[in-house]
Amino acid sequence: MEPLEIVRLVLLITHFVGLAAIIGAWILQMPRRSGFDFSPVLVGSIVQLVTGIALIAVNELGGNDIDTGKAITKLTITLAVLGLGIAGIVRGRRLRRRGASDAALRPLLWAAGIAAVANVVVAVVWR
Ligand code: HEM
């Protein structure tokens, strides 16, 4: 196997781990009404950004053209997930410091999870 192909596969596998961190955090915390942990959303979205951009580079180096519209759509959605992760962590800390409930953060976690699933749909359906 070509070294570039090995790099591409390692990046793609890491890309799946990042995806699992975001969607897994959403699914596991679905029954909760408070006490949310947004760190897997933050870490997962950073992993998706880094591996996604690296995957574009490796594909281009290997002569496989990546659809620009698809890449921009995935990038935009991932930046939104990153924003939701940061907002969840910052607002969660502020609420906990005041001893208040973080119940209001539930829609942020759902939005992050649904946006990540939307990116899976884009990745798989957009050919
Ligand atoms: C929540 C964020 C993301 C999710 C859930 C996600 C999901 C996926 C999935 C499921 C695949 C495999 C598709 C297949 O092999 O059929 C994939 C591949 C890929 N992703 Fe992502 N992705 C995300 C973010 C990104 C970002 C930010 C970029 C770059 C801007 C990106 C670029 C790519 C590339 C280049 C591939 C491989 C080529 C392709 O199959 O189109 N992804 N992604």
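Helices (H or I, at least four residues) and strands (E, at least two) are runs assigned by DSSP, numbered from the N terminus. The expected span of a helix is 1.5 Å times one less than its number of residues. By this rule helix H4, with 20 residues, has an expected span of 28 Å, and its reach from first C-alpha to last is close to that value, at 28 Å. The structure is a predicted model, in which local features need pLDDT of at least 70 and side-chain atom pairs count only at pLDDT 80 or more, while totals for chains, interfaces and linings use all residues. Residues are numbered from 1 along each chain as its sequence is written.

The protein contains 4 helices and 0 strands, and its pattern along the sequence is α-α-α-α. The C-alpha trace spans about 55 × 25 × 20 Å along its principal axes. A residue is called buried if 20 or more other C-beta atoms lie within 10 Å of its own, exposed if 12 or fewer do, and partly exposed in between, with C-beta atoms placed from the backbone. Of the 127 residues in the protein, 26% are buried. Two residues are in contact if their C-beta atoms, placed from the backbone, lie within 7 Å. Among contacts between residues at least 6 apart in sequence, 77% join residues at least 24 apart.

Helix H2 covers residues 39-61, which makes 23 residues. The distance from its first C-alpha to its last is 33 Å, close to the 33 Å expected at 1.5 Å a residue. Its buried residues are Pro 40, Val 41, Leu 42, Gly 44, Ser 45, Val 47, Gln 48, Thr 51 and Val 58. These pack against helix H1 (3-28), helix H3 (68-97) and helix H4 (106-125). Ala 57 also belongs to H2, but Ala 57 is partly exposed because 13 other C-beta atoms lie within 10 Å. The C-alpha atom of Ala 57 is separated by 21 Å from that of Leu 82, 25 residues apart along the chain. Just after H2, Gly 63 has a positive phi of about 90 degrees.

Helix H3 has 30 residues and reaches 43 Å from its first C-alpha to its last, close to the expected 44 Å. Lys 74, Thr 78, Val 81, Leu 84, Gly 85, Gly 88 and Gly 92 are buried in H3, and their cover includes H1, H2 and H4. Thr 78 counts as buried because it has 23 C-beta neighbours inside 10 Å. Neighbours within four places in sequence set aside, Thr 78 is in contact with Ser 45, Gln 48, Leu 49, Gly 52 and Asn 119.

In H4 the buried residues are Leu 108, Leu 109, Ala 112, Gly 113, Ala 115, Ala 116 and Asn 119. Seen down the axis of H4, they fall within an arc of 160 degrees (the arc of the directions from the helix axis to the C-beta atoms), so they line one face of the helix. The face turned away from this buried side carries the exposed residues Pro 107, Ile 114, Val 121, Val 124 and Val 125. The cover of the buried residues of H4 includes H1, H2 and H3.

A nonpolar core is a set of buried Ala, Val, Leu, Ile, Met, Phe, Trp, Tyr and Cys residues joined through C-beta atoms within 7 Å. The largest such core has 18 residues, of which Ile 22, Trp 26, Val 41, Val 81, Leu 109, Ala 112 and Ala 116 touch the most other members. H1, H2, H3 and H4 are the elements that give two or more residues to this core. Beyond its neighbours within four places in sequence, Ile 22 is in contact with Pro 40, Val 41, Gly 44, Ser 45, Val 81, Ala 112, Gly 113 and Ala 116.

The ligand is surrounded by 21 residues, the closest being Gly 52, Leu 55, Thr 78, Asn 119 and Ala 123. A residue is near a molecule if its C-beta atom, placed from the backbone, lies within 6 Å of it. H1, H2, H3 and H4 each supply at least two residues of this shell, and H2 gives the most, with 7 residues. The shell divides into 14 nonpolar, 6 polar and 1 charged residues; here Ala, Val, Leu, Ile, Met, Phe, Trp, Tyr, Cys and Pro count as nonpolar, Asp, Glu, Lys and Arg as charged, and the others, Gly among them, as polar.
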